[in-house]
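Please consult the sequence and the structure below while reading.

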Amino acid sequence: MVYPVIAIDGPSASGKGTVAARVAETLGWAYLDSGALYRLTALYMTQQGVSPEKEDAVADLATHLPVMFHHGDIFLNGNNVAGKIRSEEISLLASQIAALPKVRAALLQRQRDFAKSQGLVADGRDMATVVFPNAVLKIFLTATAQIRAERRAKQLGVALDTSEFQQILSDIEQRDEKDKNRAIAPLKQAEDAYLIDSSHLTIDETVAKVLDLYRQVEK
Ligand code: C5P
């Protein structure tokens with residue numbers, strides 16, 4: 001049995017995680033936050049004292065991640081790390097090890113397994129291009145770097161006229177560059193993906209657009 005997949009890719013802070021989770025909830029499907037797997041690998045490395053230069057050792061940790069996803073919480077070795085994996089340090093390390101081919105290979109089947117028992121909405125950078133090339137619907141969700149930085153600042157309670165805001169914007173631009181320019185599975189819109197620019201859309205409007213597109217392709 002092959003279950004349908006909706007793949008949602010896009011740059012950091014484009015809102016794809018929130019949108020993907022809401023679409024999954026509406027359809028009664030599973031949700032995969034693929035970025036969390038790279039973040040978990042990064043956290044596990046720091047806990048085990050493995051450096052990013054040791055590609056084989058990092059890939060080995062990725063293969064054997066003792067992780068459990070449960071109602072929005074994420075447990076590594078039994079500890080809830082949902083908050084910890086969002087730190088700036090882990091974000092940067094995740095982005096660094098995501099450029100390692102053996103790490104990406106180690107996480108590939110793990111991601112595909114999420115679609116084994118029910119429909120799946122998956123978000124990331126290469127969901128449509130690499131992990132689920134046969135997805136029934138592919139979305140590339142983006143927004144300008146300025147708007148994405150403003151959204152992140154709002155979440156963190158940072159005012160827009162501060163140097164802290166400039167730092168958030170520059171971190172977002174740096175991660176975009178890294179994700180777009182890496183040799184393996186770079187962030188890019190799949191040829192058959194729909195582009196949604198959410199710069200001037202609310203979350204509700206974006207979710208409605210994705211569901212609309214799904215109803216059209218499902219017919
Ligand atoms: O999506 P999120 O920001 O949580 O992802 C963290 C990092 O993991 C990204 O900066 C990116 O480098 C990497 N990633 C990836 N492929 C994915 C998902 C995330 O390379 N499918």
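The side chains of S199 and D197 form a polar contact of 2.6 Å; a polar contact is a pair of N or O atoms within 3.5 Å, where, within protein, one atom must be able to donate a hydrogen and the other to accept it, and residues adjacent in sequence count only if both atoms are side-chain atoms. The model is predicted, so local features need pLDDT of at least 70 and side-chain atom pairs count only at pLDDT 80 or more, whereas totals for chains, interfaces and linings use all residues. Residues are numbered from 1 along each chain as its sequence is written, and side-chain values use heavy atoms, with hydrogens and water left out.

S199 belongs to the loop between β8 (194-197) and α9 (203-218); helices (H or I, at least four residues) and strands (E, at least two) are DSSP runs, numbered from the N terminus. With a relative accessible area of 10%, S199 is buried. Buried means under 20% relative accessible area, exposed over 50%, and partly exposed in between, with a 1.4 Å probe and protein chains only.

D126 is placed in the loop between β6 (120-124) and α6 (127-131). Its relative accessible area is 3%, so D126 counts as buried. The side chain of D126 makes a polar contact of 2.9 Å with the side chain of R104.

**The ligand and its surroundings**

R104 is also among the closest residues to the ligand, together with R39, R125, D179 and R182. In total, 16 residues surround the ligand; a residue is near a molecule if one of its heavy atoms lies within 4 Å of it.

| Residue | Ligand atom | Distance |
|---|---|---|
| S34 | nitrogen | 2.9 Å |
| R39 | oxygen | 2.6 Å |
| D179 | oxygen | 2.8 Å |

On its own, the ligand has 450 Å² of accessible area, and the protein covers 97% of it. Such areas come from the Shrake-Rupley method with a 1.4 Å probe; for residues, only the protein chains shown count as cover. Two or more residues of the shell come from each of α2 (34-48) and α8 (163-181), and α2 gives the most, with four residues.

Domain 1 (1-29 + 118-214) and domain 2 (35-115) each provide at least three residues of the shell; the domain bounds come from an automatic or database domain assignment.

**The largest nonpolar core**

The largest nonpolar core contains 41 residues, of which L40, L65, I74, I85, V103, L120 and F132 touch the most other members. A nonpolar core is a set of buried Ala, Val, Leu, Ile, Met, Phe, Trp, Tyr and Cys residues joined through side-chain atoms within 4.5 Å. Helix α2 gives the most to this core, with eight residues. At least three residues of this core come from each of domain 1 and domain 2.

**Two residues with positive phi**

Most residues other than glycine have a negative phi. A13, although not a glycine, has a positive phi of about 65°. A13 is in the loop between β1 (5-9) and α1 (16-27), and its relative accessible area of 17% makes it buried. For N77, also a residue other than glycine, phi is positive and near 55°. N77 is in the loop between β4 (73-76) and β5 (79-80); its relative accessibility is 48%, so N77 is partly exposed.

**Distances in sequence and in space**

How far apart in space are A145 and I172? Their C-alpha atoms are 6.9 Å apart, while 27 residues separate them in sequence. A145 is in helix α7 (residues 145-156) and is buried, with a relative accessible area of 18%.

A7 in strand β1 is buried, at a relative accessible area of 0%. A7 and I97 are 90 residues apart in sequence and 22 Å apart from C-alpha to C-alpha.

S163 is in helix α8 and counts as exposed, at 63% relative accessibility. S163 and T206 are 43 residues apart in sequence, and their C-alpha atoms are 30 Å apart in space.
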